[in-house]
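Visitor: Hi, I'm new to this one. Could you put it up and walk me through it?

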Amino acid sequence: MIQLDRLSKSYNGKAVLDDIRFTLPSGGVTAIIGPNGAGKSTLLSIIGRMIKADSGRVSLEGLDLATAPGAQIARRLAVLRQDNHPAARLTVRDLVAFGRYPHSRGRITAEDRDHIARALDYLGLAELADRFLDELSGGQRQRAFIAMVLAQDTDYILLDEPLNNLDIRHAVGIMRLIGDAARDFGKTILVVLHDINMAAAYCDRIIVMKGGQIIRHGPPAEIMSAELLSNVYETPVSVHSLAERLVALY
């Protein structure tokens, strides 16, 4: 599990995260939702050690993420940011191989090749393994990045808005793959999402943020409330069966 204890972060005197206290249980897919400026990506970035908190502590099964060696963390926690800009002439196989760096430091072993092949097969990328990233569609490229973090073979995976710039069919495909990977490989996945319906349809738990605080968390059935979501997004929200229709249609 990941524990957040009194986590705070400010920019130019404005609080972005305010005294966050939360325990993320192991297993399944948990979405972080909320309006722009709620602190979603900041929270994920602090957990992933991409930025530092002003105060508080983040621990992963007792391991202090602020002080533990980076190599040790990279074998336990994988992070996929939303602003990935790899070299255009990188192949899919080369990208996925980067996920093995924490284990082999660039000297690919037989075990590394097994993990790479498994990730490529699982994400349906084996036939595209030698294609360059700039030759792929947006959905294929995103699957390649997810294959990279899957090849890293960590217990915990953080995904920051993995559905950006994808149409609904590709977004649904990515969410299904995320859910399947959590179940099939026993991963704990924390994902920042803008689409409430995607969170409701494909995630096991939802964390709702507003104004730098977690105001509610629980299974989708407890979160998909018109009153709660209207308050969070400060606009009338009609909760209907779109999440169920997404599952049925795709």
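This is a predicted model: local features need pLDDT of at least 70, side-chain atom pairs count only at pLDDT 80 or more; totals for chains, interfaces and linings use all residues.

Visitor: OK, how many bridges join S1 to S4?

Guide: Five bridges join strand S1 (residues 2–11) to strand S4 (residues 55–60), and the two run antiparallel. Ser 8 of this pairing faces Ser 55 in S4. Two strands count as paired if DSSP finds at least two bridges between them.

Visitor: And what joins S4 to S5?

Guide: Two bridges, again with an antiparallel run. Ser 59 sits opposite Asp 64 in S5. The hairpin of S4 and S5 has two residues between the strands, and Glu 61 there takes a positive phi near 50°.

Visitor: What order do the strands of that sheet come in?

Guide: S2-S1-S4-S5, an open sheet of four strands with antiparallel pairing. Strand S2 (14–24) and strand S5 (63–64) stand at the edges with a single partner strand each, so one side of each has no neighbour in the sheet.

Visitor: Which helix lies across S1, S2 and S4?

Guide: Helix H1 (residues 40–47), running at about 120° to S1. Angles here run from 0 to 180 degrees between N-to-C directions, and axes are lines fitted to C-alpha atoms, for helices over the stretch in contact.

Visitor: Switching topic, what about the sheet of six strands?

Guide: That open sheet has the order S6-S7-S8-S3-S9-S10, with mixed pairing. Strand S6 (77–80) and strand S10 (213–218) are at the edges, each with a single partner strand, so one side of each is left without a neighbour in the sheet. Neighbouring strands are turned by 15° against each other on average, direction ignored.

Visitor: How do S9 and S10 pair?

Guide: In the antiparallel sense, over five bridges, with strand S9 covering residues 205–210. Ile 206 has Gly 218 in S10 as its bridge partner.

Visitor: Which strands does H6 touch?

Guide: H6 packs on the sheet and touches S6 and S7, its direction making about 165° with that of S6. H7 packs on the sheet too, touching strand S3 (28–33), S7 and strand S8 (188–192), at about 140° to the direction of S3.

Visitor: At what angle do H6 and H7 pack?

Guide: Helix H6 (residues 138–151) and helix H7 (residues 168–185) pack at about 15°, with their axes 10 Å apart. Residues in the contact (heavy atoms within 4.5 Å) include Ile 146 and Leu 150 of H6 and Ile 174 and Phe 185 of H7.

Visitor: Last one: is Thr 154 buried or exposed?

Guide: Thr 154 counts as buried, at 0% relative accessibility; buried means under 20% relative accessible area, exposed over 50%, and partly exposed in between (1.4 Å probe, protein chains only). Thr 154 is in the loop between H6 and strand S7 (156–160).

Technical notes. Residues are numbered from 1 along each chain as its sequence is written. Side-chain values use heavy atoms; hydrogens and water are left out.
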